[in-house]
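Okay, thanks for coming, everyone. Let me put the model up and talk you through a few spots in it.

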Amino acid sequence: MDPSRRSVLGAALFSVALTVPDWPDVVGRMEAVQEGTRTRIGMSDVHTVSAMTEQLSSMDDQFGGRTARPLAAAFLVNTVAPFLRTDGPESVRRAMMSAASDLCYLTGYMAVDEGLHGLAQRYYLKALELAGASEDHLTYCTTLRGMSVQAVDLGQGPIAMRLADAAAASSPQAGPRMRAFLVGQQAHAAAQIGDRRSALIHLQEAETAMDKAESRGKTFGSYDPASLNYHTSQVRFEMGDVHGAVAAMQESDRLRHGVYRRTRVKERAILAERQLAVGHLEAACRTWGLALDDYPLVDSGRIDKRMTDMFDLIRPHIRNHEAQQLYERARETVRPELVPA
């Protein structure tokens, strides 16, 4: 890595540490391990990795993978890898591998958001390796599910189905929220390969599990009703029910917590595409306009792809007043390299 870029990433990474509770201690541990002065690790070091992973995940939710992934990668290389090479009690080393696995999964997810699919696969495979070594079944099945999400979004339905089934099989004792998280993805993958019956069975199972999970109290930051409605929309769209897909995506947008800015922009763009597909041009323009409101705050390859598609979809309707306004606003808002000549 270029030394100047390493310096910038290092400064940015320590600024992330400032947001972690007890940040002076976190910064001290990071500096010590990078300088090679640590000879043993303890559970406090594991907690440092987990706390930083949580903060990096929050950055990804708000600002996108292009912003957060370089920081996560730098943290992996400069802090987590040395922790993994440092001696400590077996229970601590196992916990550190588990924490590292979770960070590798998150970094892979960020790479998917950038559109760097080969890199994402490498992070996912490392996450599986570390999760297996630490017997972390939760991160293992979560990573398999993440690989399924990547595959289904690339239109690789059979691969997505195998990965989604493997994820579900890897977590037989999952609670209701985790169960909804897993079978919702199975429903989407099944719908993409044309297995309507399995898709509907899995979707019903996800709805039942979500009802049980919500009755036990909401858990912020995990699979929630907004996520379930997103999967419902995807299943309906794959099965040809575009009107139903629009309704479910609108409900997902209504229920989504405000901190998930990147997801909000991406899924509003998808919603607009589907509104246009059913002939609701002006509604689609308004939805794309809402996506543009947040667009400048998010740096995401997936969203940039949606914006490129937006230009192509709007151009045939440019004589419509709202479509023309949206087109001109988008030309001024999106990254210059995405604007058609």
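So, Gln150: it's buried, with a relative accessible area of 4%. Buried here means under 20% relative accessible area, exposed means over 50%, and partly exposed is in between, with a 1.4 Å probe and protein chains only. Gln150 sits in helix α7. By helices I mean DSSP runs of H or I, at least four residues, and strands are runs of E, at least two, numbered from the N terminus.

Before I go on, this is a predicted model, where local features need pLDDT of at least 70, side-chain atom pairs count only at pLDDT 80 or more, and totals for chains, interfaces and linings use all residues. Residues are numbered from 1 along each chain as its sequence is written, and side-chain values use heavy atoms, with hydrogens and water left out.

Back to Gln150. Which residues does Gln150 contact, leaving aside its neighbours within four places in sequence? Those are Val112, His117, Ala120, Gln121 and Tyr124, where contact means heavy atoms within 4.5 Å. Val112 is 38 residues away along the chain, and its C-alpha atom is 7.0 Å from that of Gln150.

Helix α5, residues 90–114, packs against α7 at about 10°, with the axes 10 Å apart. That makes the two roughly parallel. The axes are lines fitted to C-alpha atoms, for helices over the stretch in contact, and angles run from 0 to 180 degrees between N-to-C directions. For the wording, under 35 degrees is roughly parallel, over 145 roughly antiparallel, 65 to 115 roughly perpendicular, and the rest oblique. On the α5 side we have Ser101, Asp102, Tyr105 and Val112, meeting Thr139, Thr142, Thr143, Gly146 and Gln150 of α7. By class, that contact is 2 nonpolar, 6 polar and 1 charged. Nonpolar covers Ala, Val, Leu, Ile, Met, Phe, Trp, Tyr, Cys and Pro; charged is Asp, Glu, Lys and Arg; the others, Gly among them, are polar.

Now put α3 (residues 43–63) and α4 (residues 65–85) beside that: their axes come within 9 Å and cross at roughly 170°, so this pair is roughly antiparallel. The contact includes Met52, Leu56 and Phe63 from α3, and Leu71, Phe75 and Phe83 from α4.

Most residues other than glycine have a negative phi. Glu135, though, has a positive phi, near 55°. Glu135 is in the loop between α6 (117–134) and α7 (137–153), and at 57% relative accessibility it counts as exposed.

Over to Thr287, in helix α14, residues 281–294. Buried or exposed? Buried, at 9% relative accessible area. Past its neighbours within four places in sequence, Thr287 touches Arg268, Leu271, Ala272 and Gln275.

What about the cysteines? Cys104 is buried at 5%, and Cys141 is buried at 0%. The structure has 0 disulfides, going by a cut-off of cysteine sulfur atoms within 2.5 Å.

Last, the whole chain: 16 helices and 0 strands, and 52% of the 341 residues count as buried. Of the contacts between residues at least 6 apart in sequence, 66% join residues at least 24 apart.
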